[in-house]
Amino acid sequence: MLDFRSDTVTQPSNAMRQAMLSAPVGDDVYEDDPSVNKLQEMAAEMSGFDAALFTPSGTQANLIALMSHCERGDEYICGQQAHNYIYEGGGAAVLGSVQAQPIENLADGSLDLTKVRASIKSDDIHFVKTKLISLENTINGKVLSHDFMAQTQALAFEYNLRMHLDGARAFNAAVKLGEPISNITQYFDSASICLSKGLGAPVGSLLLGDSKFINKAKRWRKTCGGGMRQAGMLAAAGIFALEHNVERLADDHLNARYLADALENISELDVNPALVQTNMVFVKSKQVDFLALAEYLKSQGILISPGKVLRLVTHLNVDKTSIDTLVAGIKDFIKEK
Ligand SMILES: *Cc1c(COP(=O)(O)O)cnc(C)c1O
């Protein structure tokens with residue numbers, strides 16, 4: 001199967017599996033797992049934070065970050081399209097008694113800082129307490145500008161708010177900018193990073209921050225059931241990913257652009273290759289029924305996830321030949337219709 005639904009579908013390579021097999025392990029709840037410790041140290045070092053925490057998922061990394069920054073009755077400001085607002089089961093509210101204050105995202109994924117400022121609550125018993133601004137980078141494949149991140153940080157300083165980065169795909173942003181990830185994470189008090197997306201590990205995310213924050217988050221991770229035992233086998237995949245799969249994200253970005261360029265030539269589809277920044281291509285169409293297209297492609301061994309807008313994602317298990325096959329399949333479907 002060629003799978004363009006997400007970059008979460010990657011299969012661990014043989015070399016990654018070998019690294020997992022030979023990983024030294026220990027009980028990580030006792031902080032005894034050398035592989036987990038190594039991964040956490042590596043990630044902290046790369047991103048310029050004091051400390052890191054290995055978590056089973058990005059959702060849990062974001063949740064325990066929100067619960068560590070905010071108490072019951074506090075709020076975080078985020079984008080209306082933020083993953084930690086719409087795609088995480090409302091965990092902050094459900095489990096943390098923390099309220100979200102969403103602000104609509106602008107076309108480039110950023111937020112109108114005038115609106116952010118206006119949404120920060122004053123100290124008044126009617127209001128929740130605003131504690132945190134949470135940004136996402138990349139957001140829907142788009143890279144946030146340094147200007148925007150710096151201005152948001154200045155606003156956070158002005159109101160004594162903390163800053164969290166949902167950096168599930170922050171390495172895609174860093175590779176796109178041609179900069180170390182620490183250039184992005186420098187604006188934030190904490191950041192989450194997914195190992196199991198474009199980086200190609202089977203499981204796991206990292207939460208980064210200063211030692212005090214990470215200690216607090218470690219407690220919440222345990223509460224949320226994320227204290228894992230011999231997790232070093234999973235951490236070894238993460239170490240392998242950080243060592244081998246970061247720079248190659250540039251290939252995914254080139255492939256996404258290659259895909260968008262090919263789809264732009266299909267008159268029934270509405271695609272703008274100039275908008276493709278990282279590994280996602282968004283396709284609209286008035287004529288093509290994406291649900292029927294997905295069914296047809298599946299019969300040809302190609303997976304896509306249909307929606308009102310079709311999101312196609314490139315990753316380490318699809319190359320230019322796979323993309324040619326996808327484009328040919330889409331053309332066949334449109335022709336037969
Ligand atoms: C995937 C994703 C997450 C959550 O990661 P899971 O490991 O799937 O829980 C968080 N934020 C963003 C932006 C994501 O894309």
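Analyst: Buried area is the accessible area, found with a 1.4 Å probe, that two parts lose on being put together, summed over both. By this definition, domain 1 and domain 2 bury about 1200 Å² between them, and 58% of that area is on carbon and sulfur atoms.

The model examined here is predicted; local features need pLDDT of at least 70, side-chain atom pairs count only at pLDDT 80 or more, and totals for chains, interfaces and linings use all residues. Residues are numbered from 1 along each chain as its sequence is written, and side-chain values use heavy atoms, with hydrogens and water left out.

Domain bounds come from an automatic or database domain assignment. For the protein chain, that assignment gives domain 1 as 10–244 and domain 2 as 248–336. The C-alpha centres of domain 1 and domain 2 are 29 Å apart. Where they meet, 16 residues of domain 1 are in contact with 14 residues of domain 2, contact meaning heavy atoms within 4.5 Å.

Consider next the polar side of this interface. Between domain 1 and domain 2 there are five residue pairs in polar contact, both residues being at pLDDT 80 or more. A polar contact is a pair of N or O atoms within 3.5 Å; within protein, one must be able to donate a hydrogen and the other to accept it, and residues adjacent in sequence count only if both atoms are side-chain atoms. On the side of domain 1 that touches domain 2, helix 8 (residues 170–177) gives the most, with four residues. Helices (H or I, at least four residues) are DSSP runs, numbered from the N terminus. By class, that side of domain 1 has four nonpolar, nine polar and three charged residues. Here Ala, Val, Leu, Ile, Met, Phe, Trp, Tyr, Cys and Pro count as nonpolar, Asp, Glu, Lys and Arg as charged, and the others, Gly among them, as polar.

Across the interface of domain 1 and domain 2, the rule finds zero salt bridges. A salt bridge is a side-chain nitrogen of Lys or Arg within 4 Å of a carboxyl oxygen of Asp or Glu. A search of the whole structure, by contrast, finds 13 salt bridges. One of them joins D27 and R229, whose closest N and O atoms are 3.2 Å apart. This pair links distant parts of the chain, 202 residues apart: D27 is in the loop between helix 1 (14–21) and helix 2 (34–47), and R229 in the loop between helix 10 (211–223) and helix 11 (232–244).

Key: Helices (H or I, at least four residues) and strands (E, at least two) are DSSP runs, numbered from the N terminus.
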